[in-house]
Amino acid sequence: MMTAACFRSIHDCASTGRENDAVVADMDGTLLRGRSSFPYFALVAFEAGGALRLLFLLLLSPLAGFLYYFISESAGIRVLIFAAFAGLRVSDIESVARAVLPKFYSGDLHPESWRVFSACGKRCVLTANPRIMVEAFLKDFLGADLVMGTEVSTFKGRATGFVKAPGVLVDDNKAAALRAAFGDTPPEIGLGDRHTDFPFMSLCKESYIVPKKPEVKAVSVDKLPKAVIFHDGRLVQKPTPFLALLIILWVPVGFLLACLRIAAGALLPMPLVYYAFWALGVRVTVKGTPPPPVTKSSGKSGVLFICSHRTLLDPIFLSTALGRPIPAVTYSVSRLSEMISPIKTVRLSRDRATDAAMIRKLLQEGDLAICPEGTTCREPFLLRFSSLFAELTDELVPVAMVNRMSMFHGTTARGWKGMDPFYFFMNPSPAYEVTFLNKVPLELTRGAGKSSHDVANYIQRVIAATLSYECTAFTRKDKYTALAGNDGTVPEKPKQVMGC
């Protein structure tokens, strides 16, 4: 019987000169530091099935754990697959795998395994996880050429929760899958971490085991093969069983708290909202010196606040910081968000001439807020700024917005945007930091002969430098193509929206 002592440690594996070699690696505990796949099943359950599906998974997890450790690894994984997948639309599972899981997987890459895996010319992954759940991350972010995983059976576009033959890929099933893929030419390197990996590892020319060392640090963000700029999903943290239980218990309490916070913001006079938010656990930090309000009697055009875009609540927290309501122009926002908004929101039509005329008219009435990125970004990046605003006024004040959420994200590309404010305010203690930067000097505006693109790029760089973010040329279309499989445009009829 093979034991771990039969294999050398991953630390002994040379990674130079491997360009022509093929590597086959397990996933949990090998490519990833974590040995448990429960958090990723929990993410699929919550993001594709909601809180009740997560509760169902949590209730069955003790049975899954008992079977996994005392009966068979295969039986335990079957229970997790059934609890998380049964009845879900295949398209929803694929969407979560593409838009949600890569953020969490990429934060758990094992440095030694990645050192060897990335050095090889042909990269293959052999995992007990459902292929539908891991393939998008492994191919798009780690450059895997082949992914062999457990196949989940489907019926009329929905997962049944059962697995196809030959069953869960563990033990001898892994060895059989490797033989089917490589035939009589064994791969050069096999990487695994547990006894059910030994059968396929023994078929490789060289085999290395990844020791169980939970204290090892994951691959740092700057060394990731591909930066995760866009990601979706509501959960901020990877849900361990304990955290999953906390989420389920908090959801009803958090929803009532969110309703109270939204009501305070919508019903109270804006000068009082700042203090009401503090009393209700919402932290608002204001930095910099904002310009004084412009009155109609002065005959001057209003100031255009150019905000970085973190959630659709940016203009509301801008108004909270100023103590007065500032109208905002948006590319799209849900009807529910419009109804509960304490400030005036005006939709842009995406017709440049029409939008320019509308913004000029609004500026004649007073100050105005705009988020020229056109959509939100969660990571420390700024998307490309539309240059339209720079053509309309020289009274430009950049505003750096940053927020903090500990449990739920207040944005979505795949879900219903109407719930965005609720999810943000469902966090135990959400926070916003609003930094007013210096007004753009007149010599750097269109009035001094600068192009609108130069002005937009300048403001993007100034805000990025303030937040220590990175400027990018990505657009709304890039985000929605990556996360939702569409270009993010919103049809005028019927009255439905896809994002802000």
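User: How much space lies in the largest pocket?

Analyst: This is a predicted model, in which local features need pLDDT of at least 70 and side-chain atom pairs count only at pLDDT 80 or more, while totals for chains, interfaces and linings use all residues. Residues are numbered from 1 along each chain as its sequence is written, and side-chain values use heavy atoms, without hydrogens and water. A pocket is an open set of points on a 1 Å grid over the protein atoms alone where a 1.4 Å probe fits, with protein on both sides within 12 Å along at least five of seven lines. With volume taken as the space filled by probe spheres set on the points, the largest pocket holds about 650 Å³.

User: Which residues that line the largest pocket are the closest to its centre?

Analyst: Lining residues have an atom within 4 Å of a point. The lining has 9 nonpolar, 10 polar and 9 charged residues. Of the 28 lining residues, the closest to the centre are Arg35, Ser36, Tyr68, Tyr69 and Arg194.

User: Which helix supplies the largest share of the lining of the largest pocket?

Analyst: Helices are DSSP runs (H or I, at least four residues), and strands are runs of E of at least two. Helix 3 (51–71), helix 4 (73–85) and strand 3 (122–130) each supply at least two lining residues. The largest share, 6 residues, comes from helix 3.

User: In what order do the 6 strands of the open sheet run?

Analyst: Two strands pair if DSSP finds at least two bridges between them; strand 7 (189–192) and strand 8 (206–209) pair in the parallel sense over 4 bridges. The edge strands, each pairing on one side only, are strand 1 (8–9) and strand 4 (146–150). The pairing in the sheet is parallel, and the order is 1-8-7-2-3-4.

User: Which residues touch the most other members of the largest nonpolar core?

Analyst: A nonpolar core is a set of buried Ala, Val, Leu, Ile, Met, Phe, Trp, Tyr and Cys residues joined through side-chain atoms within 4.5 Å. Of the 115 residues in the largest core, those touching the most other members are Phe85, Leu138, Phe305, Phe317 and Leu318.

User: Is Phe230 buried or exposed?

Analyst: Phe230 is found in the loop between strand 8 and helix 11 (241–267). Buried means under 20% relative accessible area and exposed over 50%, with partly exposed in between (1.4 Å probe, protein chains only). Because its relative accessible area is 14%, Phe230 is buried.

Technical notes
Nonpolar A, V, L, I, M, F, W, Y, C, P; charged D, E, K, R; others polar.
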